[in-house]
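These are my notebook entries on one protein model. I set down each item as I looked it up.

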Amino acid sequence: MTDRSGAVLRESRSRLPSVDRLARHALLQDPIACHGRPIVIQAIREVLEAVRAHASGSGSDESVPDAETRLAQQATLHLEQRMRPSLRPVLNLTGTVLHTNLGRAPLPPEALEAIAAVARGASNLEFDLERGTRGERDDHVAGWLSRLTGAPAAVVVNNNAAAVVLLLRALAARREVLVSRGELIELGGSFRLPDIMREAGCVLREVGTTNRTHLKDFEEAIGPRTALIMQVHTSNYRIEGYTQAADTRELSTLARAHDLPFVVDLGSGTLTDLTRLGLPAEPTPAQAMAQGADLVTFSGDKLLGGPQAGMVVGRADLIARLRKHPLKRALRCDKMTLAALEAVLRLYADPDRLTQRVPALRWLTRPAEALQSMATDLQPIMQGWLDARSGAGRWKAEVVNLKSQIGSGALPVESLPSAGLCIRSKAKARGTDLQALAKHLRELPLPVIGRIAQDALWLDLRCLDDPRSLQDQLLADAS
Ligand SMILES: *Cc1c(COP(=O)(O)O)cnc(C)c1O
């Protein structure tokens, strides 16, 4: 703070205007009309307190001679920050398409319309329109899930973690669940299979070794306390080298011989053959069912490209037990999720147009050439923004080839050829400079999220639908 504004402050602090007086200031009449008086009064109080406590300066905009106007401006700014939505859209330029921290799959317009339609008023969420009796909320999607997976029945809950908890609790409480040691996964956000088992009240019985598990190991582990056999798709890592996993079909035969349910947690669970879209293969629920799984669980917002949800599909008698279990009530989906899920599942009726209609699949299948030409168009605009912000000669933006990740644990080893911009310091930069640059990009009206690695900021354009959304705000911020 300069001496001069310090003096203004000292002088004004002794005779700060009252809250009521400031609330009558012309600048604050629109905010009062828009947000109501209480929150504006609160903002004024907080600004006055800050000035009194000397904690924050007066902003010391010398072009405003009038201390009251300056305080009113500060209150407006303070209010704007408070009233800005906390949860809001960002541009995901991290190169990870299904990014859990950035909301995973984007929804297609059909899903957004379906959400709005049922959220606006009453719906037949749990009402059978034909019979006029109580209905079942999951039935709005169960038919589609059956047709798309070949499973006779389905139940839907909040996410795949919830699906696993529900089925363990309903089918294996206080009894043993057999899982291969090579499949005891931890996913981000504290989903660790051994912990989930314990919380669900089951006893985890580890089978085989980390790299090799044979059918014989499962056979020997089966005892009077065994409740089910579980196979977990090791979605976020891969064991390579001298490995052996028990075959799905053989495991299902073994489970059947002992009258045990055989459950497969697929994690991502795509509903279409990804190789047809030019993507690496990922097992589908239909394949797991065909190989003899009794139940299959998978996520709604990973490769499926829908809302956050967890599906369990499979044998009707087992699904009926899950539907009846008290935990189902606690883990159930809301109407907006079910509306979005139904709309997305309907798009799967036409596999040939999936990459046009399901945004997650469109992002995953965008050709690198299109991203390269987008990067080439964006480069001079980014360079202009960097020069305007930090002075020419500070940063250099270059078009680069990149490798995108699918994300959410799906296909961890494979990557998708992509393109974007690499921003490096021309002089020797400190890590904090790069952090500050990344922060500037996050402070844009539509925050831009990149990735810092190897002393550079990387912006992968795979998830940038409309380059103007980036371009326009860079141009506006530079001017
Ligand atoms: C992602 C995943 C889960 C958890 O799914 P959420 O929908 O994130 O709860 C569970 N199991 C596997 C194998 C997964 O890949």
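I took helices (H or I, at least four residues) and strands (E, at least two) as DSSP runs, numbered from the N terminus. For the expected span of a helix I used 1.5 Å times one less than its number of residues. The model is predicted: local features need pLDDT of at least 70, side-chain atom pairs count only at pLDDT 80 or more, and totals for chains, interfaces and linings use all residues. Residues are numbered from 1 along each chain as its sequence is written, and side-chain values use heavy atoms, with hydrogens and water left out.

**Entry 1: helix 19**

I checked the length of helix 19 (residues 431-442) first. Its 12 residues should span 16 Å at 1.5 Å a residue, and the end C-alpha atoms lie 17 Å apart, which agrees. I then listed its buried residues (buried: under 20% relative accessible area; exposed: over 50%; partly exposed: in between; 1.4 Å probe, protein chains only). They are D433, L434, L437, A438 and L441. Because these residues cover an arc of only 140 degrees around the axis, they are on the same side of helix 19. The arc is taken from the directions from the helix axis to the C-beta atoms.

**Entry 2: the whole protein**

I counted 20 helices and 17 strands in the protein. The C-alpha trace spans about 90 × 55 × 40 Å along its principal axes. Of the 479 residues, 48% are buried. I took contact to mean heavy atoms within 4.5 Å. Among contacts between residues at least 6 apart in sequence, 74% join residues at least 24 apart.

**Entry 3: helix 20 and Q473**

Helix 20 (residues 467-478) has 12 residues and reaches 17 Å from first to last C-alpha, close to the 16 Å expected. Its buried residues are L470, Q471, Q473 and L474. Their cover includes strand 1 (91-92), helix 18 (368-390), helix 19 and strand 15 (448-449). Leaving out residues up to four places away in sequence, Q473 touches L91, L444, P445, L446, V448 and R468.

**Entry 4: helix 6 against helix 15**

I asked at what angle helix 6 (residues 109-119) and helix 15 (residues 335-347) cross. Their axes cross at roughly 145 degrees and come within 8 Å. Axes are lines fitted to C-alpha atoms, for helices over the stretch in contact, and angles run from 0 to 180 degrees between N-to-C directions. Helix 6 contributes E110, A111, A114, I115, V118 and A119 to the contact, and helix 15 contributes K335, M336, A339, A340, A343, V344 and L347. I sorted these contact residues into 11 nonpolar, no polar and 2 charged. Here Ala, Val, Leu, Ile, Met, Phe, Trp, Tyr, Cys and Pro count as nonpolar, Asp, Glu, Lys and Arg as charged, and the others, Gly among them, as polar.

**Entry 5: helix 4 and positive phi values**

The 17 residues of helix 4 (residues 37-53) should span 24 Å, and its end C-alpha atoms are 24 Å apart, which agrees. Among its buried residues are V40, I41, I44, V47, L48 and V51. H54 follows helix 4 with a positive phi, near 65 degrees. Most residues other than glycine have a negative phi. I recorded R104, not a glycine, with a positive phi of about 55 degrees; R104 is in the loop between strand 1 and helix 6. R174 also has a positive phi, near 65 degrees, and sits in the loop between helix 8 (160-172) and strand 5 (176-180). With a relative accessible area of 63%, R174 is exposed.
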